[in-house]
Amino acid sequence: MSSFTIPKTQVAAVVESIGAPIEIKHDQPVKQASELAPGECLVKMEYTGVCHTDLHAKKGDWPAKPNNPLIGGHEGVGIVVAIGEHSERPPVKVGDRVGIKWLANSCLDCEFCRKGFEQNCVKAQLSGYTVDGTFSQYVVSFVHHVTKIPESIDSASAASILCAGVTVYRALKNSNTHIGDFIVLPGAGGGLGHLAVQYAVNMGLRVIAIDTGAEKQKLCLSLGAEKWIDFKQSTDIVKDIKDATGGFGAHAALVTASASAAYEQAVDYLRPTGTLVAVGLPNAPLGANIFWTVFKSINIVGSYVGNRQDAIEAIEIAAAGKVKVHYELKPLNALKDVYEGMEAGKVVGRVVLKCE
Ligand SMILES: [Zn+2]
Ligand SMILES: [Zn+2]
């Protein structure tokens with residue numbers, strides 16, 4: 001049911017087939033209120049962030065393939081304009097401002113869902129991958145999985161918390177760290193990295209930021225990183241980290257890189273009993289040295305996005321003003337250029353697109 005006027009067509013960024021270019025279509029159909037299944041809601045998008053995963057979805061270069069034609073995007077904020085009839089106890093109502101995250105829906109009844117690993121549900125539906133995502137004016141999502149957005153944060157600022165924020169927030173929970181511990185954040189000046197710096201500082205961790213360039217250096221240090229290492233200038237990153245941590249190495253590393261070398265290296269600069277949290281998704285073997293992994297009692301953990309509760313916590317911390325997304329605002333039709341900038345490693349912070 002809806003009290004909003006819902007148009008029949010909309011503007012959306014569509015990828016027709018794997019590897020095809022982005023097409024901005026003006027006649028993409030909008031699912032009407034009466035067509036929504038129980039549990040579905042229609043969200044009028046305001047803003048959407050752009051994530052590296054969207055680039056993989058467009059290219060189709062991961063082992064699990066996306067559904068095409070596809071509308072990408074999985075960190076968006078908008079208003080619920082309709083809810084499917086006979087939805088069971090929907091936790092949101094028409095008019096609510098909500099976020100859409102990578103995990104669009106899960107069954108909520110399997111072992112993984114019951115244990116809080118909704119992202120590992122065998123029936124998981126993924127925004128902008130297996131179901132249409134947020135690079136559009138209207139998105140069909142799911143009442144039990146959208147995240148309510150607190151009033152004190154604006155939609156453009158909230159968007160990137162839904163993927164980048166939730167992902168690093170959950171990964172930090174998996175890092176086995178305590179107040180005063182050292183954590184290394186490779187890629188600290190990027191979309192995930194700059195949010196990881198802030199959540200880590202909020203946890204009382206001592207951040208060693210690795211990235212390159214004066215702009216990213218300035219950003220990381222301004223966000224509270226204690227030590228900066230420019231990987232293009234450093235001749236020995238492992239030594240630099242050990243020097244900065246009293247000789248033992250860091251307690252944890254949260255690696256979001258898309259190249260496997262960064263994971264291998266972490267085992268070298270972690271102190272004994274340290275934890276490597278793997279967050280990035282290079283389609284490659286983890287070449288960690290087994291001898292040193294065992295000898296140093298290193299923990300290697302995979303951390304994949306977050307559940308509904310992680311999303312709520314991550315957004316509430318941001319809404320309280322403790323974490324700020326540094327983003328550049330662009331129109332939806334700039335998506336192609338944004339992808340090019342990402343591939344060239346030129347994006348500092350995050351890019352957010354206006355969907356209207
Ligand atoms: Zn993402
Ligand atoms: Zn499930």
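1. Start with D211: this residue stands opposite D230 in β13. D211 belongs to strand β12, residues 206-211, and four bridges join β12 to β13, the two running parallel. Pairing here follows DSSP: two strands pair if at least two bridges are found between them. Strands are DSSP runs of E with at least two residues, helices are runs of H or I with at least four, and both are numbered from the N terminus.

2. A word on what you're looking at. This is a predicted model, in which local features need pLDDT of at least 70 and side-chain atom pairs count only at pLDDT 80 or more, while totals for chains, interfaces and linings use all residues. Residues are numbered from 1 along each chain as its sequence is written, and chains are lettered from A and ligands numbered from 1 in the order in which they are written.

3. Now the sheet around that pair. Six strands form an open sheet in the order β13-β12-β11-β14-β15-β16, with parallel pairing. At the edges sit β13 (227-230) and β16 (299-302), each pairing on one side only. On average, neighbouring strands of this sheet are turned by 20° against each other, direction ignored. For angles, axes are lines fitted to C-alpha atoms (for helices, over the stretch in contact), and values run from 0 to 180 degrees between N-to-C directions.

4. Two helices to check against that sheet. Helix α6 (residues 214-222) packs on it, touching β12 and β13, and its direction makes about 165° with that of β13. Helix α8 (residues 261-269) packs on the sheet too, touching β11 (182-186), β14 (250-255) and β15 (270-278), with its direction at about 160° to that of β15. Contact means that the C-beta atoms of two residues, placed from the backbone, lie within 7 Å.

5. Have a look at β14. Two bridges join β11 to β14, and they run parallel; V184 has A253 in β14 as its bridge partner. β14 and β15 pair in the parallel sense over five bridges, and A253 has L276 in β15 as its bridge partner. The chain crosses from β14 through α8 to β15 in a right-handed β-α-β crossover; that is, with the strands pointing away from the viewer, the path from the first strand over the helix to the second runs clockwise.

6. Burial of β14: six of its six residues are buried, so the strand is largely enclosed by the rest of the structure. The cut-offs: a residue is buried if 20 or more other C-beta atoms lie within 10 Å of its own, exposed if 12 or fewer, and partly exposed in between, with C-beta atoms placed from the backbone.

7. Overall picture. The chain has 11 helices and 18 strands. Its radius of gyration is 20 Å, close to the 21 Å that the globule rule gives for 356 residues, so the chain is as compact as a globular protein of that length. That radius is taken over C-alpha atoms, and the rule is 2.2 Å times the number of residues to the power 0.38. Along the principal axes, the C-alpha atoms fill a box of roughly 65 × 40 × 40 Å. Of the 356 residues, 49% count as buried. Among contacts between residues at least 6 apart in sequence, 70% join residues at least 24 apart.

8. On the record side, the unreviewed UniProt entry carries the annotation "domain: Enoyl reductase (ER)" over residues 19-353. Over residues 19-353 the chain is 28% helix and 26% strand, with the end C-alpha atoms 22 Å apart.

9. Helix α1 (residues 52-59) has H52, T53, D54, A57 and K58 buried. These buried residues pack against β1 (9-15), β2 (22-29), β3 (40-50), β4 (70-71) and α11 (335-343). G60 follows α1, with a positive phi near 65°. In the loop between α1 and β4 lies P69, and the peptide bond from N68 to P69 is cis, with omega near -10°.

10. R89, in the loop between β5 (76-83) and β6 (97-100), has a positive phi near 40° without being a glycine. R89 is exposed, with 6 other C-beta atoms within 10 Å. S297 is exposed, with 11 other C-beta atoms within 10 Å.

Notes. UniProt positions are given in the numbering used here, feature names are shortened, and annotations may be inferred rather than shown by experiment.
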